[in-house]
Amino acid sequence: MKVSFEWLKEFVDVRVSPTEVADRLTMAGLEIEGMEPAGDDIVFEVNVTPNRPDCLSILGVAREVAAAFGMPLKVPDTGIQGDLPASEVTVEILDPALCNRYTGRLIKGVIVGDTPEWMKKRLEICGVRSLNNNIVDITNYVLLELGHPLHAFDTDKLFGSKIRVARAGEGRKITTLDGADRELSPDMLLIWDGKEPVAIAGVMGGEASSVTSETRNIFLESAYFEPTSIRRTSKALGLKTESSYRFERGTDVVFLENALNRAALLMRETGGGKIHEIVDAYPERYVPPAVEAAYDKVNSLLGTSITKEEMRALLGRIGISTEDRGEKLIAFPPSFRRDVRAYYDIVEEVARTYGFGNIDARNPKTELSAGILNRREINIGRIKEAVRRTGFTEVINYSFMNGADLDMLLIPHDNVRRRHVRVMNPLRQEDSLMRTTLVPSLLKNFLYNLSRGTRDIRFFECARVFIDDGGPLPLEELMLGGILFRENLPCLWKEETPSFFVVKGALDSLCGEMKIKGFSYVPSDEVFLHRGKSADVMLGGAKVGFIGELTPGVVEKLDLKVPKPEIVVFELNLERLHAAVPENLTYSPIPKYPAVERDIAVILDESLSSARVMEELKGYRSEYIERVELFDHYKGKNIPQGRKSLGYRITYRCPDRTLTDDEVEKIHTGLVAYILGKTGGELRGV
Amino acid sequence: MDERLSPDQLLSSLSQIETEFRSDVEGAADLAGLQQIKTKYTGKKGLLTARMKALSSITDPAQKKEFGRRLNEVKNIIEETIKGKELSLREGEKERRLLTEKIDVTLPGKTTPFGRQHPINNILAEIKEIFVSMGFGIEDGPEVELDHYNFEALNIPKDHPARDMQDTFYVSDEVVLRTHTSPVQVRVMEKRQPPLKIIAPGKVYRCDADVSHTAMFHQVEGLMVDTDISFSDLKGVLELFIHSFFGKETPVRFRPSYFPFTEPSAEVDIGCVFCKGKGCRVCKTTGWLEVLGSGLVNPRVFEMAGYDPDKYSGFAFGMGVERMTMLKYAIDDIRLFYENDVRFLRQF
Ligand SMILES: [Zn+2]
């Protein structure tokens, strides 16, 4: 909200600089977010929090200034003197729950004309466009000044000289001041004349009864409408006005009469005319609540030792009168402070006026607690750290995606990744779904960086995906996703491992670091992966993710300048990885006796996977085989077409003595015969 | 060799041999040369070997003894000298071989380029560490959240104007993308009894995006509940945090504000880290930067979570991790965090 400093000074006689006023207000809870010069004036940008509608005016801000500097407040005299003719317009409230009070004044014989320059200037400084119509501008002026919304009707257009306040009921329509035809729902509160709706209460007036240049007789409204009702109506109609903004936050049911008078006087001053007696429909007078607060409770919640007298004086400064009742005080907040309703509101007001800066800081006395960092937090941190150390840089992407992202990856319609959560009001259509996989975002990161000249791209992200599983809230699972792409560039120290195995090696290192056992890879049927260069990652028999090169069909769509790019992606379920991290580690003794190593090279069918051969080797029963390690994989010269050679190093060891050569020879011969039999392979000549 | 040399001649010939030997050794360039010299003097047909054979031809015992002594002396000299020369020649050869194996130590090493942690997570880790060291535990909650936890249970009913404070992404009338990490407070309170000391870091979503806002960002929520927690404690804990995070000398101020789930509510400002409080563009010339929102837990929130507000009190706070990161690394554009340009990411 914009506040003119000069206008403010009419209400409180501050002599200090605007900067100092701004500082004090900010420290009292009325944040001045900015200060701009406007001619010989200064405009404050005030951030008024939703709990303080009383500050939505010059008067309201002036009250805070007066309290902060301990100065008197100067409220303009709004008394209307002399014998006034009786009102010719009658007012009837049919729904007192939604309209607590309705006041009005008839002003007859007014000349609708230009707005005085001084008023135009002030409106403009405060960000309100002058309509150069004294009547309408005055209602806006008083709204800015005193914070209460007013509405002016052309009395001659009110059928039967009647005002009635009632809900819309079925099938009502109205054309509002802005020329729009609006369908009204039954619960909306309206202002009616003797026949038709003439305004949407507290939101906007109707066009038919509005003030025009021909208008001579004005009926001025100043009322209290129930906040929730106004908010609902304004939301439902998508119509937010200066009036609705204030009514929905709460206005001053007592002071609204002064606003009415202030505007009536200004109208007479600028347009002449005769002010009539007030009409005041006020079915149930407002009784200020009495709020109890125990002095001790206030002090213990604040950590202060403010005396009774001091506390009551602090409240008095902001217009809250109090009575002392021994252990506690009874506070009577003024009608403009409807937000003060319970003891904790009193605590806040005391703290605010006492000054937050005057409350001492102390360190809480609390118990020590065990298990502060949970295992999940630690494990996930370590997993991410391990991935980082294998050369992947962390990215953070928005949690959004769209259907086209899934189409691009050829994701079938019955795939779980299609069970997504849709955002009703996305900022962009591209961001209308919550991610069910991290791959699309990672691909975008890859493209972004590739197009900016990065030739070696290794990214990982650790984020949640959201799967709609039919429950009230979707399933949220923490995933670890990554992408690797590098161009084959000349480099000083050669690295010739294929990209797939670089990524796979990273995952293996990660499992080694985390001591996760039982990790295996089986051919994957993920449609977006290269059928020959992809694998599902299995843990304890269940799929926990995938790794693989993007299939050419997907790569083509990326429209890259690079020929046959190898883009390797992976995605793992972090929750399940974390669950497989052993809780305790137990040491095993270091062997005392020497080991014997024997190598074996087997030529076998190309289609036989190394994992299968390894499995067979491990299946050979001997208590002395300590380790089997694949050290060579060869195809080509000297090996027949369709065959390959695998070289293994076998480590033999007995825990309690040294094995003799004869013993080792015997087991090894057995193993060789066994594996040749199992695989149909032959020994490669050494 | 003339065997008819007189004993005197024999004796003096030994001196000739010694002189000749010394000059030969002097000129030996390598081990092979040295071997030849060794053969020349002490080999089967060597010069000295020949003189040894002459020993028996001397008849005079005194002369024989003198010749024998001298013969031994020369033999020792030859053997010792050759041994010494051999050692020094071997040293030299090793040295030469090392020189041929020399590498250019100024060539770059083979690096294992570690990846980097995203700057947001660098800072998040730092924030977590500070609170964990103060005894706070870490908690978690869903990002797609029920309206109930995101708003209602935090004292923000459906028709409350405070809903305007946060632009909300809706999944349905009852489900939202959480607009803050505060719902974790409620979820934790529903599960556990005080004392409570937790932080809840995570992603949050707001339906507005411009130069200074992104539709998703990170927050850290904090909550402490016990039987005797006051505004003083709130100030103590948050000052401690700010001094750990921004440095001991950082000025801190608390000013009144409004959040529906805390009362009294306070914004926490620090002295501008860029201009040291003098006033600059970043702090809009005020010399202060807002870094945290906080307050005493509103008793209504306690009631809704099933805590007795007469017995317990507590404070809550929340901060934006992007903002903390921008302040810490002097980053001037929030959008950089989500572009994931490697040239940006590798700086951290
Ligand atoms: Zn600054």
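**Pairing of strands**

Modeller: In chain A, β4(A) pairs with strand β7 (residues 162-167) in the parallel sense, over 4 bridges. Please bear in mind throughout that this is a predicted model.

Biologist: Which residue stands opposite A:Val91 in β7(A)?

Modeller: The residue opposite A:Val91 is A:Ile163. As a general idea, the strands of a sheet pair through backbone hydrogen bonds, either parallel or antiparallel. Here the pair belongs to an open sheet of 5 strands in chain A, with the order β4-β7-β10-β11-β12 and mixed pairing. Its edge strands are β4 (90-93) and β12 (204-205) of chain A, each of which pairs on one side only.

Biologist: What is the order of the strands in the open sheet of 7 strands of chain A?

Modeller: The order is β19-β22-β23-β27-β26-β25-β24, again with mixed pairing. At the edges lie β19 (393-394) and β24 (519-523) of chain A, each pairing on one side only. Helix α14 (residues 439-450) of chain A packs on this sheet and touches β22, β23 (475-486), β26 (542-550) and β27 (568-573) of chain A. The direction of α14 makes about 155 degrees with that of β22(A).

Biologist: How many bridges join β19(A) to strand β22 of chain A, and do they run parallel or antiparallel?

Modeller: There are 2 bridges between β19(A) and β22 (residues 456-467) of chain A, and the two strands run parallel. One residue pair to locate is A:Thr393 with its bridge partner in β22(A), A:Phe459.

**A buried strand in chain B**

Biologist: Why is strand β6 of chain B described as largely enclosed by the rest of the structure?

Modeller: The idea is to ask how many residues of an element are buried, that is, under 20% relative accessible area. In β6 (residues 252-259) of chain B, 8 of the 8 residues are buried, so the strand is largely enclosed by the rest of the structure. Both faces are covered: B:Val252, B:Phe254, B:Pro256 and B:Tyr258 are buried on one side, and B:Arg253, B:Arg255, B:Ser257 and B:Phe259 on the other.

Biologist: Which strand is joined to β6(B) by 7 bridges?

Modeller: That strand is β7 (residues 262-271) of chain B, and the pair is antiparallel. A hairpin of 2 residues links β6(B) to β7(B), and B:Pro256 stands opposite B:Ala266 in β7(B).

**Helices and the whole of chain B**

Biologist: At what angle do the axes of helices α2 and α3 of chain B cross?

Modeller: The axes of α2 (residues 31-42) and α3 (residues 47-54) of chain B cross at roughly 15 degrees and come within 3 Å. Angles under 35 degrees count as roughly parallel, and α2(B) and α3(B) are therefore roughly parallel to each other. Their contact is made by B:Lys40, B:Tyr41 and B:Thr42 of α2(B) with B:Leu47, B:Leu48 and B:Thr49 of α3(B). By class, this contact has 3 nonpolar, 2 polar and 1 charged residues.

Biologist: Which peptide bond is cis, with omega near 0 degrees?

Modeller: Most residues other than glycine have a negative phi, and most peptide bonds are trans. The bond from B:Pro194 to B:Pro195 is cis, with omega near 0 degrees, and B:Pro195 lies in the loop between α7 and β4 of chain B. Another cis bond joins B:Glu263 and B:Pro264, with omega about -5 degrees; B:Pro264 is placed in strand β7 of chain B.

Biologist: Is A:Asp559, with its positive phi, buried or exposed?

Modeller: A:Asp559, whose phi is near 55 degrees, counts as exposed at 59% relative accessibility. B:Asn155 also has a positive phi, of about 70 degrees, but B:Asn155 is buried, with a relative accessible area of 15%.

Conventions
Residues are numbered from 1 along each chain as its sequence is written. Chains are lettered from A and ligands numbered from 1 in the order in which they are written. This is a predicted model: local features need pLDDT of at least 70, side-chain atom pairs count only at pLDDT 80 or more; totals for chains, interfaces and linings use all residues. Side-chain values use heavy atoms; hydrogens and water are left out. Buried means under 20% relative accessible area, exposed over 50%, partly exposed in between (1.4 Å probe, protein chains only). Two strands pair if DSSP finds at least two bridges between them. Contact means heavy atoms within 4.5 Å. Axes are lines fitted to C-alpha atoms, for helices over the stretch in contact, and angles run from 0 to 180 degrees between N-to-C directions. Angles under 35 degrees count as roughly parallel, over 145 as roughly antiparallel, 65 to 115 as roughly perpendicular and the rest as oblique. Ala, Val, Leu, Ile, Met, Phe, Trp, Tyr, Cys and Pro count as nonpolar, Asp, Glu, Lys and Arg as charged, and the others, Gly among them, as polar.
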